[in-house]
Amino acid sequence: MHGKLKQLDNRYAEIERRMEEGTIYADPAAYTKCAREMKELEPIVMAYREYEKCRAAMVGAEELMSDPEFKELAQEEYSEAKEKCAQLEEKLKILLLPKDPNDERNIIMEIRGGVGGEEGSLFAYDLFRMYSMYAESRGWKIDVVNVNETELGGIKEISFVVEGEGAYSRLKFEAGGHRVQRVPETESGGRIHTSAATVAVLPEAEEVEFSINPADLQIDTYRSSGAGGQHVNKTESAIRITHIPTGVVVECQDERSQYKNKDKAMKILRSKLYEAEQAKQAAAIAAERKSQVGTGDRSDRVRTYNFPQNRVTDHRLSGDVRNFNISSVINGDLDPIIDALVTSDQAEKLKNQAEQ
């Protein structure tokens, strides 16, 4: 580990030198690449340099212990430095874990009401509201692509783009089945109902990464439905794209412009095909990745929202850290859950790395 850290430190120093010289600014592509690499290396290098200072402090304190006059003070300094070194070493192990290449991408999320009829659709709306509030708290932008609403204000299904730094790194843990237990407003007898919704999280694919043959596409136009005033059912601006080889279908009716709807639909189609290709590759090493937090499979039940008990339980966590306050979570305070899932994920990866 120490050899690798030294190499990264040298690389960071080299980039730093090139930046200070200023000649790199003449090549925008090279500058962008170096700036991105420097940003990725910075937390590792800063932690490593702090770790090296701690090690030096340990050596210095150890040398002073031979002097009776300074022995007690040196022993205290040595113990403090040793403890800090141990903490930094664990931090560095986590920082050196392989990064998910999709972590910094924007994402496309899809929510679908599941079992429970109208109550499932209302729960799907609650989830969309929850993610919208969370995105707002982090300064991210949400762009709705397609929505199919119910008469009572629920959502049968919705697709939306979340744009912002690190969106996938945080929200990838939301993929799976979400279950709710509560008394519906329409329930006169006060009985608790169990309903569900599914959430899919797709990293947004770049056009250069995934080419699509236009001959493989069937593009249909139709009149949009739902809220929209005079625009509704007047013009065929809504778009449906079918990828014939895979059967993947994407719809977009959010924009008044057929061109804009087609552009958004293509963005989602590209991401779905990209995800399918990634899943195919991941299947080959599924055994190695089995211990990761959540599989992303939509059939997984990842979380239960229990309103009568004022509790949200994430089933991928264990012990006391698996339960959270429901009013905070449903109003967009997802960081405590996501932080716990990130920590659990890192612990599993460290365990796997140690066993290899």
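Biologist: Leu 92 lies in helix 3, residues 71-95. How do you know whether Leu 92 is buried or exposed?

Modeller: This is a predicted model, so the value is computed from its atoms. Leu 92 has a relative accessible area of 0%. Buried means under 20%. Leu 92 is therefore buried.

Biologist: How far apart are Leu 92 and Ile 44, in sequence and in space?

Modeller: In sequence, 48 residues separate Leu 92 from Ile 44. In space, their C-alpha atoms are 6.6 Å apart.

Biologist: Now the helix packing. At what angle do helix 1 and helix 2 pack?

Modeller: Helix 1 covers residues 2-21 and helix 2 covers residues 28-64. They pack at an angle of about 130 degrees. Their axes are 8 Å apart.

Biologist: What is the hand of the crossing of helix 1 and helix 2?

Modeller: The crossing of these two helices is left-handed.

Biologist: On to the rings. How many aromatic pairs does the structure hold?

Modeller: There are four aromatic pairs. One of them is formed by Phe 128 and Phe 160.

Biologist: What makes Phe 128 and Phe 160 an aromatic pair, and which kind of pair is it?

Modeller: The ring centres are 5.0 Å apart, and the limit is within 6.5 Å. The planes stand at 70 degrees. Over 60 counts as edge-to-face. The pair is therefore edge-to-face.

Biologist: Which parts does the pair of Phe 128 and Phe 160 tie together?

Modeller: Phe 128 lies in helix 4, residues 118-137, and Phe 160 lies in strand 3, residues 155-163. The pair therefore ties together parts that are 32 residues apart in sequence. Both Phe 128 and Phe 160 are buried.

Biologist: Why is the pair of Tyr 134 and Trp 140 called edge-to-face?

Modeller: The planes of Tyr 134 and Trp 140 are at 90 degrees, and over 60 is enough. Their centres are 5.8 Å apart, and the pair limit is within 6.5 Å.

Biologist: How do you know whether Tyr 134 is buried or exposed? And Trp 140, buried or exposed?

Modeller: Tyr 134 has a relative accessible area of 1%. Trp 140 has 9%. The cut-off for buried is under 20%. So Tyr 134 is buried, and so is Trp 140.

Biologist: What sits over the ring of Tyr 222?

Modeller: The charged end of Arg 240 does, 4.5 Å from the ring centre. The distance limit is within 6 Å.

Biologist: Which residue is the bridge partner of Arg 240 in strand 8?

Modeller: Glu 251 is the partner of Arg 240 there. Strand 7, residues 238-243, runs antiparallel to strand 8, and five bridges join them. At least two bridges make a pair, so strand 7 and strand 8 pair.

Biologist: What is the order of the open sheet of three strands?

Modeller: The order is 6-7-8, and the pairing is antiparallel. Strand 6 (217-222) and strand 8 (248-252) stand at the edges. Each has a single partner strand, so one side of each is left without a neighbour in the sheet. The twist averages 15 degrees from one strand to the next.

Biologist: And which strands stand at the edges of the open sheet of eight strands?

Modeller: That sheet has the order 2-3-1-5-4-9-10-11, with mixed pairing. Its edges are strand 2 (141-149) and strand 11 (323-325), each with a single partner strand. Its neighbouring strands are turned by 20 degrees against each other on average, direction ignored.

Biologist: How many bridges join strand 9 to strand 10?

Modeller: Four, and strand 9 and strand 10 run antiparallel. Arg 303 has Asp 314 in strand 10 as its bridge partner. Thr 304 stands opposite Thr 313 in strand 10.

Biologist: Why is Asn 310 called partly exposed?

Modeller: Asn 310 has a relative accessible area of 39%. Buried needs under 20% and exposed needs over 50%. The value lies in between, so Asn 310 is partly exposed. Asn 310 is in the loop between strand 9 (301-306) and strand 10 (311-314). Its phi is positive, near 50 degrees, in a residue other than glycine.

Conventions: Residues numbered from 1 in each chain as written. Predicted model: local features only at pLDDT ≥ 70, side-chain atom pairs only at ≥ 80, totals over all residues. Heavy atoms only, no water. Phe/Tyr/Trp six-rings, centres within 6.5 Å; stacked < 30°, edge-to-face > 60°. Buried < 20%, exposed > 50% of the residue type's maximum accessible area, 1.4 Å probe, protein only. Lys NZ or Arg CZ within 6 Å of the ring centre and 35° of its normal. Axes fitted to C-alpha atoms, helices over the stretch in contact; angles between N-to-C directions. Left-handed = near helix turned anticlockwise from the far one by under 90°.
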